[in-house]
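Work through the exercises below with the structure open beside you, and try each task before reading its solution.

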Amino acid sequence: MTNSDADADLKSLLQKLESKSGLEVSPSSINSQISPVLSAFLPSAAPPTRSLAHLVISKLVSNARPSPTAVAASSYESSQEAATQNLTRLFSPIIESKLATTVLDEVVPALGLFTALFQIDPATASGIFAKDGVVEAIMDVPDLFQGENGITASQAVAALLSQASGSKPCRPLVQAHAVSWLQDQVRRDTVDPGVRAAAANALTKLSRGTAEDATSDTLSSLGGSVTDSAVEDARRKDDEESLAKLMKNLIVTSKEPTKPGEPLTGSSQSILDAVEGLAYSSMDANVKESLSTDTPFLTRLFSLVPPPKKHQTGAKPTVNITSEALPPEEKASVALLYGICVITLNLVAFRPKLSEEEKQVDRLKRMTKEGARTGGKLADPDGKQAEEPLESDDAVKRRCKRVLKAGVLPALVSMSYRKESEGIRRALGRILLSLVEDKENRGKIVQGGGAKALQRIIEASFTNLKQTPTAPPPKKPPWKFDSTVAGGSSSAKSLDPQDLPAIQALAKLSITASPLLLFGPDASSSLDAVNPLSHLLLNPSSTLLQKFESLMALTNLASLGPHIASRVAAQKEPGLGTVLNKTETLLLDDNTMVRRAATELICNLVASEHVWERYTGEKPDGTKGEEGDKVLVNRLRLLLAMADVEDVPTRLAASGALAMLSNAPDVSRLLLGKMENGADKVFRVLVDLIAPSPEEQGDGSDDNSGDAPSPPTPEVQSQLAYRGVVCARMLLTNLPADASTVQSVVKAAKATDLGGALVKALSARENAGNQEMLVAGADALKWLIGKGVEIVI
């Protein structure tokens, strides 16, 4: 049968399956119907033919399995089990009958169909694999053929065993019947590289999977010997390291290039198997270190990533597809790239930062697992065993530098165009987040196109979030600001937590690098970053660290000017809230750094008309806003409280915001007249800013042996004093000429010795060169003297 004939038959089958009519699917009829599918797994079959065969199998399986919405929740599990039994009865006779023959063109397609079934429906494939005599029949295949036919048959067997080793129900059978053959293929240098790679991949999956199965299965029944378990663990680790070395060498010595769209044969298929195996084994700390120090391996690994296609680099909007919709040859390309991503991620990933409570839970888990593994005899009874040195932050930073030096950035940038694979996108986001953790790497990453790659990854994540089956593709990337809705997004959805690391990486770059360098040479180019960074702040799944870094990044963007500040201030997402509300909530957070970042963002947003009106009640045209005095006073009171905290950077930001807001005439009335005991509270804060007591002042040194925050240096104290003097001047000179209010203000000024603080600040040596401060202080003193306040010089 020619490829064109097979394609026609497969298309006909697919059409019948899609219509759910005209195709009799039963054990008695399926043998004749499935013949074109089997032909598609011949070694000579073209990739498009194999693609159609996968689609036919997928459709047949999906038709047999009920969807969650088609059956009641209570009977869903039983209906799935019944579907598995029906599919097993459907495919099992075909596979078993073909394996019983001695004809290569019948055995190899059966193995190919079996392998595809593991990929599409593992439950059914595992059921067939567990039937009596099936594994034995599979292991007889390599002995039936010699020469090139033997290599072809062995490759098919090794590929099937690799898939079966990834399935928990199948691992005991592989261990009992196939592990000796797999080990023999790996040991012998004369074995075809493709067979060795697939066998090594299967052994790696088997080793790691068996160890995980043993741990999970014995948690409730402790038993075994500590010594035997330790020996077994050491032996397993040695075996895995040897397999990793073999697979690494297979990749380095491979010559055949891998090109997307071409069938993976020979060296290309061996590369795919080796990469998949290393994706598993690179979770081990020793393997990580070995791979990261092998520059030729890293260089070869990253060279496997092809440059993006022309249609991928265009400006057209992303189509909302997933890798499941791709043909097998493209799936193979995606699988290769995903494997490269997983290996790289394993090399550069930092251990998650845990709170004390999380550390305790993790310690208990490790103690439980160790007890299950060693029969209750704990080598580390307190659960305080030292961290693996190769997993420390310093060790990971060294690996990150090696990976960057080996040329990972061009590979990451190329893969950022593969928007059809959610797994690749998310892995890239985590990789780049780890690489930018070290500030020394950030310049190289920006220069190498890392920031643009992150923007593409984020754009694709928002595209998949926003698009629906009935909605037309957006006319522009949906993460960009839509002027019709404040904040852009009209969807109430939020990104999956796995999509957030890419935005967090972009936030880290935005904190330390100029937005003009990251996003474009003019401020308006930075507008496109406002939406994703705001989403990181508002997403309910964001960690406190992610919120903190989004605040800092938005603060940096807002510093570009009122236009950007206005965009940030107007940002909102239905169902998630607004940036302003979230920021004001975080002003009260228990974490000092988060409070500081929130205060600094508010300070930079005061330049926007929206925030100005929100805190002063004054519209751009000078008219009064709609919010009442009570709401405005509460907001100003919060800023006043932030100007009186121990953390100096927080005080700087809050006093800076108050200094700007005090230019609005009504702020004086609100703080000094409407707030309860307002004048006394305000002046006490201002006096501490303008002329703190000697014990609160620093000498410029960094010595701080206690837990209390360091006092401000003379330079920083001068900045605080300047802000306090400006506030005093504007609040006093803008005070309404109301007798009772003026009287209470004068009384508070005398009680707090505001005049004395002003004189002290103006006479300080470090403030002598600040002409604006001197003028502002003189105006404030003039007002006080005019109201009868005695000033002692």
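**Exercise 1.** Determine which handedness the crossing of H20 and H23 has, and classify how the two helices lie to each other.

*Solution.* Begin with the crossing of H20 and H23, which is left-handed, a term used if the near helix is turned anticlockwise from the far one by less than a right angle, with right-handed used if clockwise. The model is predicted, so local features need pLDDT of at least 70 and side-chain atom pairs count only at pLDDT 80 or more, while totals for chains, interfaces and linings use all residues. Residues are numbered from 1 along each chain as its sequence is written, and side-chain values use heavy atoms, with hydrogens and water left out.

Next, take the geometry: the axes of H20 (residues 393–405) and H23 (residues 439–447) come within 11 Å and cross at roughly 20°. Axes here are lines fitted to C-alpha atoms, for helices over the stretch in contact, and angles run from 0 to 180 degrees between N-to-C directions. H20 and H23 are therefore roughly parallel to each other, since angles under 35 degrees count as roughly parallel, over 145 as roughly antiparallel, 65 to 115 as roughly perpendicular and the rest as oblique.

Finally, list the residues that meet, where contact means heavy atoms within 4.5 Å: Cys400, Lys401 and Leu404 in H20 face Glu440, Asn441 and Ile445 in H23.

**Exercise 2.** Classify how H37 and H40 lie to each other, and state which handedness their crossing has.

*Solution.* H37 (residues 714–733) and H40 (residues 771–786) pack with their axes 8 Å apart, at an angle of about 40°. H37 and H40 are therefore oblique to each other, and their crossing is left-handed. Among the residues in this contact are Ala721, Val725 and Leu732 in H37, which belong to the set meeting residues of H40 that include Val775, Ala780 and Trp783.

**Exercise 3.** Find how many disulfides a search of the whole structure gives, and decide whether cysteine 170 counts as buried or exposed.

*Solution.* The search of the whole structure finds zero disulfides, a disulfide being a pair of cysteine sulfur atoms within 2.5 Å. Cysteine 170, at 1% relative accessibility, counts as buried, and so does cysteine 727 at 4%; buried means under 20% relative accessible area, exposed over 50%, and partly exposed in between, with a 1.4 Å probe and protein chains only. For the chain as a whole, 50% of the 793 residues count as buried.

Definitions and conventions. Helices (H or I, at least four residues) and strands (E, at least two) are DSSP runs, numbered from the N terminus.
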